[in-house]
Amino acid sequence: MAASNVHAAVQVNIAHELRNITKYRIYTELSILIDGAEYKPDVSVYPYHEIDRKHDIIKMEELPLSAVEIVSPTQLPQAIVAKIERYLQAGVRSCWMVVPYPASVTVYTPETECTFFEGHITDSVLGIELPFKQVFC
């Protein structure tokens with residue numbers, strides 16, 4: 001599915017903000033395998049590690065700490081929630097559902113769900129706060 005210009009811009013904004021946190025390695029559109037099925041979160045957050053350019057990985061078996069899904073104009077939020085539930089069941093520790101319009105970010109963990117409309121987006125699993133306005137600028 002092709003991303004819209006808004007989807008693509010929000011994806012870059014999130015990746016840029018997360019990239020500034022040096023304890024994490026940030027990937028966009030990285031394929032992950034869960035029980036043999038391939039998923040491709042818009043943004044994945046892993047503990048920082050050096051990249052081995054000689055031994056590239058096409059489909060990650062290691063799950064990310066966090067996965068970000070941005071709702072596209074052709075997607076229903078319910079489909080994203082189902083994907084997030086799958087990620088959490090598999091062991092991803094936090095997931096974000098980002099809705100570009102009207103702007104909101106919901107952070108899911110296995111125990112909680114919190115939606116942000118302004119201020120700072122807080123992910124207690126990652127131990128981070130991101131300025132809401134930087135995601136949607």
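Here are some notes on this predicted model, point by point.

1. **Ground rules.** This is a predicted model, with local features needing pLDDT of at least 70 and side-chain atom pairs counting only at pLDDT 80 or more, while totals for chains, interfaces and linings use all residues. Residues are numbered from 1 along each chain as its sequence is written, and side-chain values use heavy atoms, with hydrogens and water left out.

2. **Overall layout.** Reading from the N terminus, the order is α-β-β-β-β-β-β-α-β-β-β-β-β-α.

3. **Dimensions.** The C-alpha trace spans about 40 × 35 × 30 Å along its principal axes. The radius of gyration is 14 Å, which agrees with the value near 14 Å for a compact globule of 137 residues. That radius is taken over C-alpha atoms, and the globule rule is 2.2 Å times the number of residues to the power 0.38.

4. Of the 137 residues, 44% are buried. Here buried means under 20% relative accessible area, exposed means over 50%, and partly exposed is in between (1.4 Å probe, protein chains only). The accessible surface comes to about 7700 Å², and carbon and sulfur atoms own 53% of that; the areas come from the Shrake-Rupley method with a 1.4 Å probe, and for residues only the protein chains shown count as cover. As for contacts (heavy atoms within 4.5 Å), among those with a separation of 6 or more, 51% are between residues 24 or more positions apart.

5. **Salt bridges, starting with Arg86–Asp35.** There are three salt bridges in the structure, each defined as a side-chain nitrogen of Lys or Arg within 4 Å of a carboxyl oxygen of Asp or Glu. In the pair Arg86 and Asp35, the closest N and O atoms are 2.4 Å apart. This pair links distant parts of the chain, 51 residues apart: Arg86 sits in helix α2 (residues 77–90), and Asp35 in the loop between β2 (31–34) and β3 (37–39). Asp35 is exposed, at 71% relative accessible area.

6. **Lys59–Glu38.** The closest N and O atoms of this salt bridge are 3.3 Å apart. Again distant parts of the chain are linked, with Lys59 in strand β5 (residues 59–60) and Glu38 in strand β3, 21 residues apart. Both ends are in the middle class for accessibility: Lys59 is partly exposed at 39%, and Glu38 is partly exposed at 42%.

7. **Glu69–Lys83.** Here the closest N and O atoms are 3.8 Å apart. Glu69 is in strand β6 (residues 66–70) and Lys83 in helix α2, 14 residues apart. Have a look at the Glu69 end: Glu69 is buried at 2% relative accessibility, whereas Lys83 is partly exposed at 23%.

8. **The β3-β2-β5 sheet.** Three strands make an open sheet in the order β3-β2-β5, with mixed pairing. The edge strands, β3 and β5, each pair on one side only. Strands β2 and β3 run antiparallel and are joined by three bridges; two strands count as paired if DSSP finds at least two bridges between them. Leu33 stands opposite Glu38 of β3, and Glu38 is also the salt-bridge partner of Lys59.

9. **The β8–β9 hairpin and the cysteines.** Strands β8 (residues 104–108) and β9 (residues 113–116) pair in the antiparallel sense over four bridges, and a hairpin of four residues joins β8 to β9. Val107 has Cys114 in β9 as its bridge partner. The structure has zero disulfides, a disulfide being a pair of cysteine sulfur atoms within 2.5 Å. For Cys114, the nearest cysteine sulfur is that of Cys95, 15 Å away. Cys114 is partly exposed at 36% relative accessible area, while Cys137 is exposed at 62%.

10. **Arg25.** This residue lies in strand β1 (residues 24–28) and is buried, at 13% relative accessibility. The C-alpha atoms of Arg25 and Tyr48 are separated by 4.4 Å, although the two are 23 residues apart along the chain. Leaving out residues up to four places away in sequence, Arg25 touches Ser44, Val45, Tyr46, Pro47, Tyr48, His49, Glu50 and Ile51.

Key:
Helix = DSSP H or I, 4+ residues; strand = E, 2+ residues; numbered from the N terminus.
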